[in-house]
Amino acid sequence: YQCPERVKENGILPFSAFLTDSFGRRHNYLRMSLTEKCNLRCQYCMPEEGVKLTPRAQLLTTSEILTLARLFIQEGVDKIRLTGGEPLIRPDVVDIIAELRKLEGLKTIAITTNGMSLAKLLPKLKDAGLDLINISLDSLVPAKFEFIVRRKGFHKVMEGIDKAIEMGYNPVKVNCVVMRGLNEDELLDFVALTEKKPLEVRFIEYMPFDGNKWNFKKMVSYQEMLDCIRQQWPNLELLQSGHTDTAKIYKVQGFKGQLGFITSMSDHFCGSCNRLRITADGNLKVCLFGNSEVSLRDVLRSGASEEELLQIIGAAVRRKKKQHAGMFSISQMKNRPMILIGG
């Protein structure tokens, strides 16, 4: 397969054929995992016994991360999100952001963090050029937080959220995985957080991953969450969202912040998917829920040319399926635990 040479029209490069799949989806958003390690042990993300970490030599080096980022940006990626594990554990995370900021064509640098060391690091991260922050928080009750994440640290996370608001991030996104019998009774408390703070609280449907003892009973669907919130706030309104947004956005009239629902299970958004993932050990995953992976690390280390690397990326993107397999099939499928994907 030969990708056509891209020629600038009106000074703008057409979108790369390498990053366009067979359904015409253009992948301009790349999620890069910086580490498999995490300082929490969330029940839906990491199996209780922990995970076998990849030996350090098999993880991407900083220069390999930047080489891949440069290549994807050159082909049309304009948003990169740094994930983990917990990305803020990586000692050179600030340097990585500063180097990414220098790359022409990259509009947005985002990070998804558990917030444990955010308050401390945020001034440096902002100076380096961090644009967007998503903070994971599944309970507003300290004891329950500790039960879910199997560690202490609730107040550190809240401090990180407040620091992000104080430093002008707007909205600060808070990701909450809703699990029946665990935290679905806190939905209204999370919504209330958006009254006075410029937060976007995003309720995420619980998803089946390797080792998280997934079962259908634990999943609270978007519709059920919406019905529950509407009983308290009937004037909840649906806002317009962008074509590739994964969240359905709502707002309680008069509230400063807003709500998002990520309905990966009950109402997938595969048709507008624009994202690709690179794991910390250098594998390209074209779908979060797919188990096919291709090692970009091995290609890089074999001394392959940029052209060869692009051919491999293009072939993987073209193999991307129209949509993920659906709840039941995913729950039966062998995939990495979320922590090793960079969820």
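Begin by selecting Arg230, which is found in helix H7. Helices (H or I, at least four residues) and strands (E, at least two) are DSSP runs, numbered from the N terminus. This is a predicted model, in which local features need pLDDT of at least 70 and side-chain atom pairs count only at pLDDT 80 or more, while totals for chains, interfaces and linings use all residues. Residues are numbered from 1 along each chain as its sequence is written, and side-chain values use heavy atoms, with hydrogens and water left out.

Buried means under 20% relative accessible area, exposed means over 50%, and partly exposed lies in between (1.4 Å probe, protein chains only). Display the neighbours of Arg230: not counting residues up to four places away in sequence, Arg230 touches Leu236 and Tyr250. Contact here means heavy atoms within 4.5 Å. Then pick the C-alpha atoms of Arg230 and Leu188, which are 9.8 Å apart in space and 42 residues apart in sequence.

Next select Cys228, also located in helix H7 (residues 222-232). Cys228 is partly exposed, its relative accessible area being 28%. With residues up to four places away in sequence left out, Cys228 touches Leu187 and Leu188. A C-alpha distance of 9.7 Å separates Cys228 from Glu184, 44 residues apart along the chain.

**Helix H6**

Move to helix H6 (residues 187-196) and colour its buried residues: Leu187, Phe190, Val191, Leu193 and Thr194. These cover an arc of only 140° around the axis, which puts them on the same side of H6. The arc is that of the directions from the helix axis to the C-beta atoms. Now show what covers the buried residues of H6; the cover includes strand S5 (172-178), strand S6 (199-205), H7, strand S8 (247-252) and strand S9 (258-262).

Select Pro171, in the loop between helix H5 (154-166) and S5. The peptide bond joining Asn170 and Pro171 is cis, with omega about -5°.

Which residues of H4 are buried? They are Lys144, Phe145, Ile148 and Val149. Viewed down the axis of H4, its buried residues fall within an arc of 120°, so they line one face of the helix. H5 is included in what covers them.

Step on to Arg150, in the loop between helix H4 (142-149) and H5. Phi of Arg150 is near 60°, a positive value in a residue other than glycine. Arg150 counts as partly exposed, at 24% relative accessibility. Most residues other than glycine have a negative phi, and most peptide bonds are trans.

Select Gly85, found in the loop between S2 and H2. The peptide bond from Gly84 to Gly85 is cis, with omega near 10°.

Continue into helix H2 (residues 93-101), where Val93, Val94, Ile96, Ile97 and Leu100 are the buried residues. Seen down the axis of H2, they fall within an arc of 160°, so they line one face of the helix. The buried residues of H2 pack against H1, strand S2 (79-83), strand S3 (108-113) and helix H3 (118-128).

**Helices H1 and H9**

Select helix H1 (residues 62-74) together with helix H9 (residues 306-318); they pack at an angle of about 70°, with their axes 12 Å apart. That makes H1 roughly perpendicular to H9. Axes are lines fitted to C-alpha atoms, for helices over the stretch in contact, and angles run from 0 to 180 degrees between N-to-C directions. Angles under 35 degrees count as roughly parallel, over 145 as roughly antiparallel, 65 to 115 as roughly perpendicular and the rest as oblique.

Show side chains at the contact: Leu68, Leu71, Phe72 and Gln74 in H1 meet Glu306, Leu309, Leu310 and Ile313 in H9.

**The whole chain**

Finally, select the protein chain, which has 10 helices and 12 strands. Of its 343 residues, buried residues make up 55%. Among contacts between residues at least 6 apart in sequence, 72% join residues at least 24 apart.
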